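Hi,

Here is the structure I promised to hand over. Have a look at it first, and then read my notes below.

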Amino acid sequence: FPSHDTGSIVGLGGGYRFNRAFAAELEYAYRTNDIDKIEGAGGATIADGGDLASVAIMANGYYYFNVADSWSPYLGLGMGFLQEIDSDVQLVGTSSQEDLEDQLFAWQAMAGAEVPIDEHWRFYGEGRFMSAPGPDLSNSNGSYGVDYNNLSVIAGIGYQF
């Protein structure tokens with residue numbers, strides 16, 4: 001099982017707000033995390049470093065709760081695919097890295113709130129969970145699943161036309 005450090009996410013989205021409650025967007029996001037180590041099912045370390053990165057293209061839908069004019073909590077769901085999921089790991093007992101790349105279906109759930117700065121600009125903060133089941137990477141020491149479960153805390157700024 002992989003043990004990950006914290007990582008980073010950068011992205012860009014564009015969409016349409018149908019009314020005060022509903023919105024849709026297309027999103028492009030890049031995520032990366034360092035891998036501390038990967039242990040096989042028996043507890044043996046099969047890799048002692050590396051990284052896991054992904055490029056996601058997602059279609060998201062949002063529901064905004066009508067609480068107050070000064071802030072709006074929201075929930076969202078999205079689906080799309082990881083155009084690239086790339087795992088580079090340093091295998092134990094070798095001087096080589098193992099590289100796995102694939103394209104996978106993904107889904108995500110979001111919960112957050114936005115605060116208007118002025119008529120057009122919005123500040124938002126959210127928690128986002130993304131999941132994508134994937135293949136296994138294996139060598140003679142064992143294998144690990146690349147089931148991709150990513151929890152992100154995001155702050156951003158948006159512009160509404």
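Let's start with one pair: arginine 128 is buried, and glutamate 126 is buried too. Buried here means under 20% relative accessible area, exposed means over 50%, and partly exposed is in between (1.4 Å probe, protein chains only). The side chains of these two, arginine 128 and glutamate 126, meet in a salt bridge, with 2.4 Å from N to O. By salt bridge I mean a side-chain nitrogen of Lys or Arg within 4 Å of a carboxyl oxygen of Asp or Glu.

Before you go further, some housekeeping. This is a predicted model, where local features need pLDDT of at least 70 and side-chain atom pairs count only at pLDDT 80 or more, while totals for chains, interfaces and linings use all residues. Residues are numbered from 1 along each chain as its sequence is written, and side-chain values use heavy atoms, with hydrogens and water left out.

**The overall picture**

The protein chain has nine strands and zero helices, so you can read its pattern along the sequence as β-β-β-β-β-β-β-β-β. Both kinds of element are DSSP runs numbered from the N terminus: helices are H or I with at least four residues, and strands are E with at least two. Of the chain's 161 residues, 35% count as buried. The accessible surface comes to about 9,100 Å², and 57% of that belongs to carbon and sulfur atoms. Those areas come from the Shrake-Rupley method with a 1.4 Å probe; for residues, only the protein chains shown count as cover.

Contacts say something about the fold as well. Among those between residues at least 6 apart in sequence, 60% join residues at least 24 apart. Contact means heavy atoms within 4.5 Å.

How many salt bridges does the structure hold? There are five. One of them joins arginine 17 to glutamate 114, with the closest N and O atoms 3.0 Å apart. Arginine 17 lies in strand E1 (residues 2-17) and glutamate 114 in strand E5 (residues 97-116), so this pair ties together parts that are 97 residues apart in sequence. Arginine 17 counts as partly exposed because its relative accessibility is 23%, whereas glutamate 114 counts as buried at 10%. Arg17 and Glu114 also belong to a network of salt bridges that includes Arg122.

Another salt bridge is formed by aspartate 69 and arginine 20, whose closest N and O atoms are 3.4 Å apart. This pair links distant parts of the chain, 49 residues apart: aspartate 69 is in the loop between strand E3 (45-64) and strand E4 (72-91), and arginine 20 is in the loop between E1 and strand E2 (22-39). Is aspartate 69 buried or exposed? Aspartate 69 is exposed, because its relative accessible area is 67%. Arginine 20 is partly exposed, at 41%.

**The largest pocket**

The largest pocket holds about 960 Å³ of space. Pockets are found on a 1 Å grid over the protein atoms alone: a pocket is an open set of points with protein on both sides within 12 Å along at least five of seven lines, whereas a cavity is a set of points where a 1.4 Å probe fits but cannot get out. Lining residues have an atom within 4 Å of a point. Grid points are joined across faces, edges and corners, and the volume is the space filled by probe spheres set on the points.

The lining has 31 residues, and Gly13, Gly14, Glu25, Tyr124 and Gly158 lie nearest the centre. E1, E2, E3, strand E6 (121-132) and strand E9 (148-159) each give two or more residues to it, and the largest share, nine residues, comes from E1. By class, the lining has 17 nonpolar, seven polar and seven charged residues. Ala, Val, Leu, Ile, Met, Phe, Trp, Tyr, Cys and Pro count as nonpolar, Asp, Glu, Lys and Arg as charged, and the others, Gly among them, as polar.

Glycine 14 lies in strand E1 and is partly exposed, with a relative accessible area of 42%. Leaving aside neighbours within four places in sequence, glycine 14 is in contact with Glu25 and Leu26.

Serine 72 lies in strand E4 and counts as buried at 11% relative accessibility. Serine 54, in strand E3, is buried too, with a relative accessible area of 1%.

Cheers
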